[in-house]
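Let's take a walk through a protein together.

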Amino acid sequence: MQFGISTFVTDDAIGPADLGRAIEERGFDSLIIAEHTHIPASRATPYPGGGDLPPVYYKTLDPFVTLGAAAAVTEKILLFTGITLLIQRDPIVTAKEAATIDLISAGRFVFGVGAGWNIEEMRNHGTDPSTRGRLLDERIEAIKALWADEPAEYHGKLVDFDPVHIRPKPVQQPHPPIYIGGDSDATVRRVIKHDAGWLSNPLPVERLTKRIAQIRDAANRDVPVSMFGAPKDLDLWASYQGLGFERLGLFLPSRPRDETLRLLDEYAAKVADFQKG
C-alpha cells in the first residue's frame, strides 16, 4: 500500500510547486487535490460532512494549473485530481488540459472524476442536476475518445461533436488511469462501465468493506482503490490495507509553508513507523 497526500490547495497556503517538491522529497507517492470552481453564496445544498462548509472550500486553486506547477518541479509523484467535477467542465478543454499534464510530467497524471454534491454550483455551470449522471458518463467517454483517436468524434445525447483534431495525446496508453469518486450504487456501475478505479472517502471500515466487495464482485476484476482524506491513524491504515487499498491519500490541512513542511515531516514519520510493522 502506497501513501500519498490529499489536500485542498488554496490561495492562502503553501504554493503548489513547494508542496509538490516537499511531498516527493519525503517519499510520498502522489499529490491528490480537490476541486471547486466556486462556492455559491446560497447555502441551500447542505455540506455532506454536516455543519458549516469549511472555509477551505472557498479558496481552492484550479486543479490542472496546480498539478502543472507541481509537475514542473517533480519527477516521481503521481498527479491526481481528486476529484475533477467533470459535469462542470467542457470535455474538449478538459481532455487537452489533462493530456498536457500527462505530457509534461512524463506520464504521471491520474484522472479522478465525479459529479460532486453542490447543486447550486452545478447549475451555475448550466448543468441540470437531474441528468448529471448521464452527463458525467458521456463526458468521460468523450474524453477517452479525444485522447485515443485522431480525428476524434463523439455523439451522445448531452455531448455531441463531429470529428476534431486535438493534441497533445496522453503519454500513458491507452489513456491515464481513471478513478470514479462517490459512494453509491451509481458509482459502482460507473466504475464498471468505464473500467475505472474507485476513489473513496474515509468511510467507516464496515461500509468500505461492503462497497469494495460490491465493486469487485460486479466488475469481476481486482478494481484499484485509493482514498482521499485518510486520517492519521495507524490502526485504520492497517484496516484499509486489509481491504486491499493500493493508496491512501493522507489528509493534509491547508496551511502556510512552514507549518505544512512540519506536518509532512510528522506524516512521513508515521508512515515509516507503520511500514516497520
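In helix 6, the residues D185, V188, V191 and I192 meet R211, Q214, I215, A218 and A219 of helix 7. Before going further, keep in mind that this model is predicted. Sort the residues of that contact by class and you get 6 nonpolar, 1 polar and 2 charged.

How do we put numbers on a pair like this? Two packed helices are described by the angle between their axes and the distance between those axes. For helix 6 (185-193) and helix 7 (residues 205-219), the axes come within 10 Å and cross at roughly 40 degrees. Their crossing is right-handed.

Now try another pair. Find helix 3 (91-104) and helix 5 (132-148) in your view. The axes of helix 3 and helix 5 cross at roughly 55 degrees and come within 9 Å. That angle makes helix 3 oblique to helix 5. The crossing of helix 3 and helix 5 is right-handed. On the helix 3 side, P91, I92, T94, A95, A98 and A99 make the contact, while helix 5 brings R139, I143, L146 and W147. By class, the contact of helix 3 with helix 5 has 8 nonpolar, 1 polar and 1 charged residues.

Helix 8 (residues 234-242) packs with helix 9 (residues 257-276) at an angle of about 55 degrees, and their axes are 11 Å apart. Helix 8 and helix 9 are therefore oblique to each other. Their crossing is right-handed. Helix 8 makes the contact with L234, W237, A238 and Q241, and helix 9 makes it with K270, V271, D273 and F274. That contact of helix 8 with helix 9 has 5 nonpolar, 1 polar and 2 charged residues.

Rolling a probe the size of a water molecule over the atoms shows where empty space is left. The largest pocket has a volume of about 1100 Å³. It is lined by 40 residues, and P48, Y57, I83, W117 and N201 are the closest to its centre. Which helices and strands each supply at least two residues of this lining? They include helix 5 and helix 6, which you've already visited, along with strand 8 (178-181), strand 9 (197-200) and strand 10 (225-230). Split by class, the pocket lining has 20 nonpolar, 14 polar and 6 charged residues.

The structure holds 1 cavity of 30 Å³ or more. About 50 Å³ of space lies in the largest cavity. One set of residues in its lining is T7, F8, V9, T10, A13, I14 and L19, and the rest are L252, P253, S254, R255 and T260. The lining of this cavity divides into 7 nonpolar, 4 polar and 1 charged residues.

Finally, zoom in on the backbone. Most residues other than glycine have a negative phi, and most peptide bonds are trans. A cis peptide bond joins R167 and P168, with omega at about 5 degrees. You'll find P168 in the loop between strand 7 (160-164) and strand 8. Q173 and P174 are joined by a cis peptide bond, and omega is about 5 degrees here.

What about phi? A106 has a phi near 60 degrees, a positive value in a residue other than glycine. To spot A106, look in the loop between helix 3 and strand 5 (109-114).

How values were computed
Residues are numbered from 1 along each chain as its sequence is written. This is a predicted model: local features need pLDDT of at least 70, side-chain atom pairs count only at pLDDT 80 or more; totals for chains, interfaces and linings use all residues. Side-chain values use heavy atoms; hydrogens and water are left out. On a 1 Å grid over the protein atoms alone, a cavity is a set of points where a 1.4 Å probe fits but cannot get out, and a pocket is an open set with protein on both sides within 12 Å along at least five of seven lines; lining residues have an atom within 4 Å of a point. Grid points are joined across faces, edges and corners, and a volume is the space filled by probe spheres set on the points. Helices (H or I, at least four residues) and strands (E, at least two) are DSSP runs, numbered from the N terminus. Ala, Val, Leu, Ile, Met, Phe, Trp, Tyr, Cys and Pro count as nonpolar, Asp, Glu, Lys and Arg as charged, and the others, Gly among them, as polar. Axes are lines fitted to C-alpha atoms, for helices over the stretch in contact, and angles run from 0 to 180 degrees between N-to-C directions. Angles under 35 degrees count as roughly parallel, over 145 as roughly antiparallel, 65 to 115 as roughly perpendicular and the rest as oblique. A crossing is left-handed if the near helix is turned anticlockwise from the far one by less than a right angle, and right-handed if clockwise. Contact means heavy atoms within 4.5 Å.
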